[in-house]
Amino acid sequence: MFWKFDLHTTSHIDQLLDREDVTLRELMEEDDVLQECKAQNRRLLLFLSQDHCMQELVRLITTEPPADLEERSRFKFPNIACELLTSDVSIINDKLGADDSLLEVLYHFLEQDPPLNPLLASFFSKTIGNLIARKTEQVITFLKKKEGFIGLVLKHIDASAMMDLLLRLISCVEPAPLRQEVLHWLNEEKLVQRLTELIHTGKDEERQSNASQTLCDIIRLSRDQANQMQENMEADPLLAVLESQESVAGLLKNMFEGERSEASIVNGTQVLLTLLETRRSGKCSPLTVIALHLWILVYWHQNNIGLFSFPLQKSAILTTVGVLEQPLGNARLHVARLVAALLQTNALSICQELCNLSTMDLLLDLFFKYSWNNFLHFQVELCVAAILNHPSSEERAPKPCTHLHSVFLSNPQLFQKCQLVQRILDAWEENDKIQGEGGTRRGNMGHLTRIANMVVQNLEKGPVQSQITDLIKELPEDCRGRWESFVDETLRETNRRNTVELVSTHNMHSSSEDDDMESPFPNDLSLQQAFSDYQIQQMTANFVDQFGFNDEEFSEHDENIKIRQFDDAEEEEDIWEEKEMNYATQAKSRTR
């Protein structure tokens with residue numbers, strides 16, 4: 001039997017193009033117009049690249065559709081127009097990039113009053129971004145002639161598409177000399193300073209958030225590209241400005257001077273945390289990074305800024321464990337993250353400033369006050385781990401930047417001023433009392449267990465063993481006795497129930513960080529794995545009784561299993577021959 005194929009089929013689009021009066025809208029109605037465009041259908045491309053068609057396509061992606069259209073189909077044609085313009089077809093790219101009249105129509109979209117339609121903004125950004133990558137010189141030359149371009153983009157920074165456009169200018173320009181030219185242009189336009197000014201109490205929160213995210217992305221992109229550059233390549237001017245003391249000072253001023261807002265503190269802290277990411281520090285020296293840390297703290301100290309005493313009025317909220325009258329807030333949580341990052345430097349000057357600001361005492365106050373905020377608990381645990389078990393100076397920092405332990409341990413800080421041991425004991429006894437009365441175990445007890453284990457392990461071994469031993473001996477006699485009893489009985493029993501060994505305080509890091517980041521903290525996953533193993537052990541012990549087969553059931557059926565060997569000498573049979581199939585079923589009841 002044979003089938004007849006017509007190998008000379010013509011698409012419906014070709015049939016439409018045979019008509020002299022065919023319109024662009026008719027072609028855009030076809031489902032396969034994008035497929036035919038990307039498949040380089042020459043007749044279609046010649047039609048689309050006509051002046052009137054290109055003008056119509058650009059108009060569609062930059063003009064608000066009539067409001068009376070059905071919402072489902074209102075942006076149908078603008079979306080198809082955007083896909084056609086960014087289909088990465090040479091004839092369309094050449095036409096769009098070389099025609100200043102088309103670029104002027106695109107540019108006019110930015111001159112509208114905010115807010116922009118977010119969907120049209122995404123179409124615009126995608127189209128310009130494609131031109132930046134494919135017709136780089138023409139588009140960059142056009143944009144540089146527009147004196148107000150950066151200002152217009154920042155005016156609409158509340159639309160995330162504008163943030164994407166800026167990042168394309170930074171990351172998608174090739175070759176390297178042209179990219180460097182663009183970076184110098186953006187630096188001359190004071191892009192970094194203008195973005196920093198947007199992170200201010202008086203600005204819209206969406207604008208602040210996008211400005212902060214743009215600065216963070218610039219830092220990461222610039223450092224990643226700096227790591228790939230040749231030694232003789234010129235430094236990134238935007239990154240140099242961002243890492244300067246003047247830039248950090250301006251950001252801190254916007255965050256803390258005058259009326260403070262949670263949005264400005266959170267968004268500003270995001271930028272500072274990105275600056276302090278050591279794994280992406282590129283060719284920036286460790287001393288430069290430490291200088292940035294120190295400048296932040298000196299600024300706080302000189303301006304008498306309370307690290308966690310922000311006058312941010314927050315309404316009470318209802319949680320699953322009751323009403324929280326004074327929530328912690330995102331601002332204080334981000335400052336806790338920043339303190340944890342500062343402690344990772346192992347720098348004497350930085351740690352001394354943290355001591356002067358009574359940082360750990362404030363953090364521990366919050367740890368016990370907000371007993372259900374595990375985000376905060378984790379940051380406090382990181383801080384304690386950094387103090388108790390920081391890597392040696394040879395591994396982490398130059399010789400002038402050491403002695404993290406001595407600053408916090410030789411001075412009356414963690415064990416004396418902060419009374420870490422007493423707080424652990426008091427919190428544990430209070431939790432036992434609450435549970436004894438039928439209450440719920442407090443939410444910070446897991447982290448408290450791990451902190452207690454850190455102290456015990458460093459009493460047995462570690463870089464500060466002798467110092468901690470001496471400090472424990474200096475505790476009041478009754479407190480020392482309570483601690484010894486707690487370690488020998490309560491903590492040991494808790495660890496036994498959790499089926500984990502004492503916490504290893506090496507290489508722990510937040511799950512939000514990349515795997516390749518160097519960190520002085522114990523591995524957080526070890527506890528999860530141990531608990532998972534424990535659950536599996538408990539489950540498998542009862543699995544057969546609850547759900548599964550037992551050995552006897554399998555052995556009963558073994559006698560009925562017969563395996564037929566294939567004989568190559570058997571007569572070959574037609575596998576497609578219709579046969580009557582007989583199925584034998586055998587069922588045996590089984591009691592669960």
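Me: Which residues does Asn 444 touch, not counting residues up to four places away in sequence?
Reply: Contact means heavy atoms within 4.5 Å. Asn 444 is in the loop between helix H27 (420-436) and helix H28 (445-460); helices (H or I, at least four residues) and strands (E, at least two) are DSSP runs, numbered from the N terminus. With residues up to four places away in sequence left out, Asn 444 touches Phe 367, Phe 368, Ser 371 and His 377.

Me: At what pLDDT do side-chain atom pairs count?
Reply: Residues are numbered from 1 along each chain as its sequence is written, and side-chain values use heavy atoms, leaving out hydrogens and water. This is a predicted model: totals for chains, interfaces and linings use all residues, local features need pLDDT of at least 70, and side-chain atom pairs count only at pLDDT 80 or more.

Me: Which residues is Asn 210 in contact with, leaving aside its neighbours within four places in sequence?
Reply: Asn 210 is part of helix H16 (residues 205-228). With a relative accessible area of 6%, Asn 210 is buried. Beyond its neighbours within four places in sequence, its contacts are Ile 157, Asp 158, Ala 159, Ser 160 and Met 163.

Me: At what angle do helix H5 and helix H7 pack?
Reply: Two packed helices are described by the angle between their axes and the distance between the axes. Axes here are lines fitted to C-alpha atoms, for helices over the stretch in contact, with angles running from 0 to 180 degrees between N-to-C directions. The axes of H5 (residues 51-62) and H7 (residues 76-85) are 8 Å apart, and the angle is about 125°.

Me: Which class does that angle put H5 and H7 in?
Reply: Angles under 35 degrees count as roughly parallel, over 145 as roughly antiparallel, 65 to 115 as roughly perpendicular and the rest as oblique. The angle is about 125°. H5 is therefore, relative to H7, oblique.

Me: How many nonpolar residues does the contact of H5 with H7 have?
Reply: H5 contributes Met 54, Leu 57, Val 58, Leu 60 and Ile 61, and H7 contributes Phe 77, Pro 78, Ala 81, Cys 82, Leu 84 and Leu 85. Ala, Val, Leu, Ile, Met, Phe, Trp, Tyr, Cys and Pro count as nonpolar, Asp, Glu, Lys and Arg as charged, and the others, Gly among them, as polar. The contact has no polar and no charged residues, and its count of nonpolar residues is 11.

Me: How many residues of H7 are buried?
Reply: The buried residues of H7 are Phe 77, Pro 78, Ile 80, Ala 81, Cys 82, Leu 84 and Leu 85. H7 is largely enclosed by the rest of the structure, because its buried residues number seven of the 10.

Me: How far is Phe 75 from Ile 61 in space?
Reply: Phe 75 sits in the loop between helix H6 (71-74) and H7, and is buried at a relative accessible area of 13%. Its contacts, leaving aside neighbours within four places in sequence, are Glu 64, Pro 65, Asn 117, Leu 119 and Leu 120. Phe 75 and Ile 61 are 14 residues apart in sequence, and their C-alpha to C-alpha distance is 9.1 Å.

Me: Which residue does a cis peptide bond join to Pro 175?
Reply: Most residues other than glycine have a negative phi, and most peptide bonds are trans. Pro 175 is in the loop between helix H13 (160-171) and helix H14 (176-188). With omega at about 0°, the cis bond joins Pro 175 to Glu 174.

Me: What is the phi of Lys 190?
Reply: Lys 190 lies in the loop between H14 and helix H15 (191-198). Its relative accessibility is 48%, so Lys 190 counts as partly exposed. Lys 190 is not a glycine, yet its phi is positive, at about 55°.

Me: Which residues of the largest nonpolar core touch the most other members?
Reply: A nonpolar core is a set of buried Ala, Val, Leu, Ile, Met, Phe, Trp, Tyr and Cys residues joined through side-chain atoms within 4.5 Å. The largest such core has 150 residues, and those touching the most other members are Phe 149, Met 162, Phe 415 and Trp 483.

Technical notes
Buried < 20%, exposed > 50% of the residue type's maximum accessible area, 1.4 Å probe, protein only.
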